[in-house]
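Here is a short report for a reader new to this structure. Look over the sequence and the fold before reading on.

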Amino acid sequence: MAKQLEEQETEEQLYNIKTKIWNQIVAETEITEAIALEVDSKVEMLNTRYEKLAEQQGMEWEEFLDEYFKYDTDEYNEQIRLYAESMVKTEMIVYAAAQKEGIEVSEKEYEEQLDSILTSYGYSDRESFEDAAGMALDQFAEEQYSLKLNLYLEKVLDVIYDRIAENAE
């Protein structure tokens, strides 16, 4: 039990280090004019998602913003743009780094994560999940978890961390 707790603490520390490194990389990446168009697209996508959620909750937009985000419209617009910028930067950096390093996410890895999501929601088969969710499992995984991006991100962070560790020695 003690060994298990020690391993868990080590994993958490490693995760925290990788997260700090990644946040610094994203913060230091600048938005170009071409990327700004992608940010606009993300803002639109996020707005659509939240507007649908507000509608599903039977709430007016301003009420939804106050209830879920604790923002007025101006604050929300500012924060959603910052979030969209972060998303676009992350996607850009992850896929560029993965391509440069020859990092791939195999179909098997992707499917294993889909199965994990399926199980975490209490389903044993995709058909029953898809009937309940109203969408395919892979679509759900991408919309809710950006699954493929996160699998790439994990591998890119491993490479970055290993390089930093090698240079520190």
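Which residues form a negative surface patch?

## The negative patch

The model is predicted. In it, Glu60, Glu62, Glu63, Asp66, Glu67, Asp72, Asp74, Glu75 and Glu78 form a negative surface patch. Two helices each supply at least two of the patch residues: α3, residues 61–69, and α4, residues 73–101. Helix α3 gives the largest share, with 4 residues.

Take glutamate 67 as one member. This glutamate sits in helix α3. Its relative accessibility is 48%, so glutamate 67 counts as partly exposed. Residues join a patch only with over 30% relative accessible area and no salt bridge.

## Overall build

The protein has 8 helices and 0 strands. Read from the N terminus, the order is α-α-α-α-α-α-α-α. The C-alpha trace spans about 55 × 45 × 35 Å along its principal axes.

The protein has 169 residues, and 26% of them count as buried. Contacts between residues at least 6 apart in sequence were also sorted by separation. Of these, 68% join residues at least 24 apart.

## Surface and charge

The protein carries 15 positive and 43 negative charges.

## Salt bridges across the chain

Side chains of opposite charge can pair when their charged atoms come close. How many salt bridges does a search of the whole structure find? The search finds 8.

One of them joins the side chains of lysine 18 and aspartate 158, with N to O at 2.2 Å. This pair links distant parts of the chain. Lysine 18 is in helix α1, residues 2–27, and aspartate 158 is in helix α8, residues 147–168. They are 140 residues apart. Is lysine 18 buried or exposed? Lysine 18 is buried, because its relative accessible area is 13% and buried means under 20%. Aspartate 158 has a relative accessible area of 31%, so this residue is partly exposed.

Glutamate 101 forms a salt bridge with arginine 163. Their closest N and O atoms are 2.7 Å apart. Here too, distant parts of the chain are linked: glutamate 101 belongs to helix α4 and arginine 163 to helix α8, 62 residues apart. Glutamate 101 is partly exposed, at 32% relative accessibility. Arginine 163 is partly exposed as well, with a relative accessible area of 40%.

Lysine 155 and glutamate 109 also meet through their side chains in a salt bridge, at 2.9 Å from N to O. Lysine 155 lies in helix α8, while glutamate 109 lies in helix α5, residues 107–120. The two are 46 residues apart, and the pair links distant parts of the chain. Why does lysine 155 count as partly exposed? Lysine 155 counts as partly exposed because its relative accessibility is 24%, and that class runs between the buried limit of 20% and the exposed limit of 50%. Glutamate 109, at 27%, counts as partly exposed too.

## A salt-bridge network

Which residues are linked in a network of salt bridges? Glu111, Asp115 and Arg126 are linked in this way.

Conventions
Residues numbered from 1 in each chain as written. Predicted model: local features only at pLDDT ≥ 70, side-chain atom pairs only at ≥ 80, totals over all residues. Heavy atoms only, no water. Buried < 20%, exposed > 50% of the residue type's maximum accessible area, 1.4 Å probe, protein only. Contact = heavy atoms within 4.5 Å. Lys, Arg positive; Asp, Glu negative; His and termini not counted. Charge placed at Lys NZ, Arg CZ, Asp CG, Glu CD. Patch = residues over 30% accessible without salt bridge, like charges linked within 9 Å, V, L, I, M, F, W, Y side chains within 5 Å. Areas by Shrake-Rupley, 256 points an atom, 1.4 Å probe, with all protein chains shown as cover. Salt bridge = Lys/Arg side-chain N within 4 Å of Asp/Glu carboxyl O.
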